[in-house]
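Subject: Structure handover

Hello,

Here is the structure I promised to pass on. Please open it alongside this note, which goes through what turned up.

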Amino acid sequence: NSSLAAFASRRTWAQIKLVVFRDWPDDVLGVEAHGWGPMLFYRWNLKALPLLTAEQDAPEVVKTVLRVARGFRARGTSLVVLLVPEKEQIYRAALPEDVRNSLAHGAAMLAGIQQALEAENVPVVNLMPRFEAETEKGRRLYWRDDTHWNDDGIRVAVEELWPVVEPLLE
């Protein structure tokens, strides 16, 4: 059961069940995303993300990040904050309407964190606007069956992050 052949056969069977039979695992929501094909979203994120609000949760995030940033500054180092949207926030249009509507405030949450940190001179890169724009152009940034970025997502993140980080390295 722990051999490479067993691992490969389990992985292959899981992919066949997903693509051919649309047999989604219980902890994910599987949807047919127009133009994207089958996509998986974690049910936990779909439950937790709507509970976060800019008014209630952003100040605590900012407070914690500022404490870390001040600690870095005291040691002569700069902290750059990368705000990363969840896959569910970027591909909201693929989700059922009730879920889609409950995730609509995600951009405001990240923008609120960004604004507060920038007011304290902490460099911030918010990927939400660029990820949304690239997705609207038809570019897939996350793996279909995972919440991680694919190569295009990594490339876009680096394009946004590097102009902020590079000057700090001099």
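A polar atom of the Q89 side chain lies 2.7 Å from the backbone nitrogen of E86. That is a polar contact (a pair of N or O atoms within 3.5 Å; within protein, one must be able to donate a hydrogen and the other to accept it, and residues adjacent in sequence count only if both atoms are side-chain atoms). Q89 sits in helix α4, residues 87-90. Helices (H or I, at least four residues) and strands (E, at least two) are DSSP runs, numbered from the N terminus. Q89 is buried, at 10% relative accessible area. Buried means under 20% relative accessible area, exposed over 50%, and partly exposed in between (1.4 Å probe, protein chains only). Beyond its neighbours within four places in sequence, Q89 is in contact with L49, G106 and M128. Contact means heavy atoms within 4.5 Å.

Two notes on the source. This is a predicted model: local features need pLDDT of at least 70, side-chain atom pairs count only at pLDDT 80 or more, and totals for chains, interfaces and linings use all residues. Residues are numbered from 1 along each chain as its sequence is written, and side-chain values use heavy atoms, with hydrogens and water left out.

Now the overall picture. The protein chain has 8 helices and 4 strands. From the N terminus, the order is α-β-β-α-α-β-α-α-α-β-α-α. The C-alpha trace spans about 55 × 40 × 30 Å along its principal axes. Of the 170 residues, 33% are buried.

Next, the hairpin. Strands β1 (residues 28-33) and β2 pair in the antiparallel sense over 6 bridges. Two strands pair if DSSP finds at least two bridges between them. L29 has F41 of β2 as its bridge partner, and A33 has G37. The hairpin leaves 3 residues between the strands, and G35 in the turn has a positive phi of about 85°. Both strands are mostly covered: 5 of 6 residues are buried in β1, and 5 of 6 in β2 (residues 37-42).

Then the salt bridges. There are 9. The rule is a side-chain nitrogen of Lys or Arg within 4 Å of a carboxyl oxygen of Asp or Glu.

- R70 and E120 meet at 3.8 Å, N to O. This pair links distant parts of the chain, 50 residues apart: R70 is in helix α3 (residues 54-74), E120 in the loop between α6 (106-119) and β4 (124-126). R70 is partly exposed at 46%, and so is E120 at 36%.
- R130 and E134 have their closest N and O atoms 2.9 Å apart. They are separated by about one helical turn, because they lie 4 residues apart in helix α7 (residues 128-136). E134 is buried, at 7% relative accessibility.
- D152 and R139 come to 3.7 Å between their closest N and O atoms. They too link distant parts of the chain, 13 residues apart: D152 is in helix α8 (residues 151-165), R139 in the loop between α7 and α8. D152 is partly exposed at 27%, as is R139 at 21%.

R130, E134, R139 and D152 are among the members of a network of salt bridges, which also includes K137, R155, E159 and E160.

Last, V20. This residue is in the loop between α1 (4-19) and β1. V20 is exposed, with 55% relative accessible area.

Best wishes
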